[in-house]
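Subject: The structure for you to look at

Hello,

Have a look at it first, and then read on.

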Amino acid sequence: MFFKKLKECLTGITALWLMAWTGAVHAEWGLNLTRGVTPISHEVYDLHMLILWVVTIIGIGVFSVMFWSILHHRKSKGAVSAKFHHSTTAEIVWTIIPILILVGMAIPATKTLIKMEQTGDADMTIKVTGYQWKWKYDYMDDGLSFFSVLAQDSNDARQPGSNIDLNSIDHYLLDVDQPIVLPINKKIRILTTANDVIHAWWVPALGWKRDAIPGFINDNWIIIEEPGTYRGQCAELCGKDHGFMPIVVKAVPEEEYVAWVKKMKMAKAAAAASGDRDFSKDELMASGKELYSKNCAVCHMAEGQGIPGTFPALAGSAIATTPEGLPDHIDRILHGKNLMPPFGEQLSDADIAAVVTYERNAWGNDTGDVVQPKDIKAAR
Amino acid sequence: MRTETKLTILAIAMFGFGYALVPLYDVFCEITGLNGKTGTIANTEAAQLEVDQERLVTVEFDTNVNSELPWSFLAQAHKMKVHPGELTDAVFVIENNSDQPVVAQAVPSVAPAQASLFFNKTECFCFTQQMLAPRERKEMTVRFVVDPELPKKISTLTLSYTYFKVPGSDRVVLDPGVVDEERI
Amino acid sequence: MSEAVIHNGHHDHHDHKPYGIGRWLFSTNHKDIGTMYLVFALIMFFVGGAMAMVIRAELFQPGLQFVNPLFFNSMTTIHALVMIFGAVMPAGVGLANWMIPMMIGSPDMALPRLNNMSFWILPFAFTLLLSTFFMPGGAPAGGWTMYPPLVLQLGDGFPFLIFAIHFLGISSILGAINIIATVFNMRAPGMTFMKLPLFVWTWIITAFLLIATMPVLAGSVTMLLTDKFFGTSFFSAAGGGDPVMFQHVFWFFGHPEVYILILPAFGIVSQIIPAFARKPLFGYESMVYATASIAFLSFFVWAHHMFTVGMPLTGELFFMYATMSIAVPTGVKIFNWVATMWKGSMTFETPMLFAVSFVVLFSIGGFTGLMMGITPVDFQYHDTYFIVAHFHYVLVPGAIFALMAGVYFWLPKWTGHMYDERLGKIHFWLSAIFVNMLFFPQHFLGLAGMPRRIPDYNVQFTEWNMVSSIGGFAFGLSQLILVWVVIKCVRGGQKATDQVWEGAHGLEWTLPSPPPFHSFTTPPQVTDATAHS
């Protein structure tokens, strides 16, 4: 009775373990590590499979002996216990054999690790900076720089009580507003650092994750071999919205990459130009609402009510409703204070003007104030 | 001595050891390059290094400004090719974008960490507190040398600086005189 | 024997045993303090378990249904602190308190008043810790590892967290000093070190680990405190400090801490398997040396918890090799347990069932641990559900199963009654099935790319999270059976003999069940025949 149950239990566990291997075949079930799309990720995958096999075989070996013993050396079967309690030979054998197996695993592991460290001679360098709770990408050679935040549809759906069907959203929580676009078949060096707390940049298909630490720079490299979209997430607890700062890498052929860089640069120039003109209140309110839900609502909440004790309310607050509060209001957004991060670097004058205008006119804060990009420029 | 007395002393000693780990860690990092911090050597020492004309190493310069600090910080050249053993200058520009004087300091980091052992500076602005008057702009120079012993496998290294606002410097900044006497 | 005396769990008509609340508040008796530790651990097991239920409920399906992300982070943080410092460690100390004096033939612990203090610090420390839930800024939510700079963003609860850790540390250090002082000074004549039962051995080694590492933890959290309030910058990059240094110092404590949790479990299993195999423990000496080597090596592997911070190659290689080497002594222990069963005459009462499943399931945790010791692959496993599965395998069907095995094994000795074997077996089978249902799918989730410590996830992870949550609820509910078994056994039941189990050997089994208030008032003479249970 006992044995039968134990055997069932063991068979169950083994079956699950076996399913882990076949995961490669049933990739859509998501049971096993991805094989990835870089030379390193392939090696890591092979190492993973090697060790998984080794430990599985050892496990099956040792526990077959144990369960055979459990089956046969039972009092109920009339087994009489032997008296031995020592065997130097056996103990030496089961010390030496594991050592040999470990050495056998350490050799390929060391080789792969050395390869991972070869970050030199890259074709381009990307710097990844972790922020609470978004990523900033700097293309050090092409002079591009942008922030990448959780896509709006995921962000709406993840709000408690949103009642949005998560299956209706493409790549729920794994999609961003602006993916990082990279060329394929180029050696790309990736530097990671952070601005506030420690984050970790992880795209499983690229074969590694690396911490992003304020004041420190880490390097790694990739060569993406297949075009495609690869998704990942922050992997180091970084506060409230740690689970909501995904990474999307779009790997494209080189020509496409060059065209994309050109387009991005033109868009940047256009945005800079927009800072010189005035907007109507409606324009500011519309774009302010969108920017607010993307950048501010995570802490100050959708209705500006904040989270008491942690994040102050904006609805009805002095800073957002009184004329004296206005300079502080702009300053807080530009330069931050305490837990409030500064947005001066990531939002344009036009963007900040829109957010300030929105915050001063939404949720019953009917001040009627209209703030223009030139006001922000003056306050910078 | 009674067992419990010895053990109590051991516990207290281990508490002290926790603190001793701080300087020990620095020593450990200096030997192993564990935290990617760079070394500093004297000019004379650097002059004695033999220049390896055969080899070129790419040095990338990366600049970061912590978001609490209203400064901009850029490297004049974002990349250089240097011969190991050769003394080289790299120029950085900092600018205070605010209407207040601000004190900040730069923290260096080198990637790959292994290379930090072979990256030496004779002149550096890191770890020293820097005050910029409102809207002031300043050029800063780093004079560095890559040790010819740098492992052959390393061909690119990145020198990264992050400028941080000095914690609690707001009070001091009101009176720049205090900064000079007490802080620098 | 009167009903009231049975209820108190002791019977001895010759002792002047204090009564009422004072008996517990001012207790200096190793059995009473052991009982308090065990009851406290059980309560905290349910407190931490309730938090785990909140976590599993939120993760049952994607989307945020029950809690906000910040509260979710508090749940994972406090769940870990409560389970480690409130459940597993006190349960180990409770068993040590009860059993060590009886196993070495002494009347009580060496330092009874210190013993009282080290227990009563615990409820106080946890009151501090749990009170942070009611403070502005909420309970600690930066993970139990308290990495700066994140932990410094905590609100008013921060100093409470730090002081709670200090008190927990002091409690553990006092307990450890007491255990070492007891074993070094109070052994019965003839009880040499190499005759000590393995449970005692593992506890001596654990106690030394506690004394060596708890003060380091205290030091590192003190540095956090001064960084936050007194302007030091040990860990702040802005002031020239190094946030990664905290991780080094923390894990210098943290890795030995892992063994503090598991070594007593090794000891318990090493007592139980020989008793139910009716055969002496195989390789006693190598068990002692393997335990000592594991403890020693644990001081040199800390950085495998932080492979991804970006160390130089030499550092990563060193910590990889050191980590892999721990597999050798751990393997020796597993092989020795299997060899103890080999050609035994086994029966499978509840303690043995828990012990056997410990050997199997702990090994699964050990295997995944070895996988994560391989640095290049750990870059993929790190901070995913794979590691969540790994450490829960070593801590739940590992440490906690062994503790439960110990409770079933010694309960008849403590109470004088046999527990309900049928209920015990039901408890075991439900626990063993559901613990696998709870944690095994988490391997898949981690490999498929789900990071740990997230309150919400992509729909592709839904199925395995559901399985895991159902397993979790069922596992949690099954633990209520344990409470019922213990209460039932304390209240009455079939009278237990002195030896209780046919194959049990050692001094503790020569005492009456339940044992007298002061264990051995006249020291027993230990010979080869009575040693090595």
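In what order do the five strands of the open sheet in chain B lie? The order is E4-E2-E10-E6-E8, and the pairing is mixed. Before I go further, please keep in mind that this is a predicted model.

**The sheet in chain B**

Let me start with E2(B), which covers residues 57-65. Eight of its nine residues are buried, so this strand is largely enclosed by the rest of the structure. On one side, E2(B) pairs with strand E4 (residues 79-82) of chain B in the antiparallel sense, over four bridges. With strand E10 (residues 156-165) of chain B, E2(B) pairs in the parallel sense, and here there are eight bridges.

**Where chain B meets chain A**

This contact takes 25 residues from chain A and 22 residues from chain B. On the chain B side, E2, E6 and E10 each supply at least two residues, and the largest share, four residues, comes from E10(B). By class, the side of chain B that touches chain A has 13 polar, five nonpolar and four charged residues.

**Where chain A meets chain C**

Here 84 residues of chain A are in contact with 87 residues of chain C. Helix H1 (2-22), helix H2 (39-72), helix H3 (88-116) and strand E7 (208-212) of chain A each supply at least two residues of the chain A side. H3(A) gives the largest share of that side, with 15 residues. The residues on this side of chain A divide into 48 nonpolar, 23 polar and 13 charged.

**Chain C itself**

The secondary structure of chain C comes to 15 helices and zero strands. Its C-alpha trace spans about 65 × 50 × 45 Å along the principal axes. How does the radius of gyration of chain C stand against that of a compact globule? With 533 residues, such a globule would have a radius near 24 Å, and chain C has 23 Å, which agrees.

Of the 533 residues in chain C, 68% count as buried. Among the contacts in chain C with a separation of 6 or more, 83% are between residues 24 or more positions apart.

One helix to pick out is H5 (residues 112-131) of chain C. This helix has 20 residues and reaches 30 Å from its first C-alpha to its last, close to the 28 Å expected at 1.5 Å a residue. Its buried residues include Phe119(C), Leu122(C), Phe126(C) and Leu129(C), and Asn115(C) and Asn116(C) are also among them. The buried residues of H5(C) pack against helix H3 (30-58), helix H4 (69-104) and helix H6 (157-185) of chain C.

Best wishes

Terms used: Residues are numbered from 1 along each chain as its sequence is written. Chains are lettered from A and ligands numbered from 1 in the order in which they are written. This is a predicted model: local features need pLDDT of at least 70, side-chain atom pairs count only at pLDDT 80 or more; totals for chains, interfaces and linings use all residues. Two residues are in contact if their C-beta atoms, placed from the backbone, lie within 7 Å. Ala, Val, Leu, Ile, Met, Phe, Trp, Tyr, Cys and Pro count as nonpolar, Asp, Glu, Lys and Arg as charged, and the others, Gly among them, as polar. The radius of gyration is taken over C-alpha atoms; the globule rule is 2.2 Å times the number of residues to the power 0.38. A residue is buried if 20 or more other C-beta atoms lie within 10 Å of its own, exposed if 12 or fewer, and partly exposed in between; C-beta atoms are placed from the backbone. The expected span of a helix is 1.5 Å times one less than its number of residues. Two strands pair if DSSP finds at least two bridges between them.
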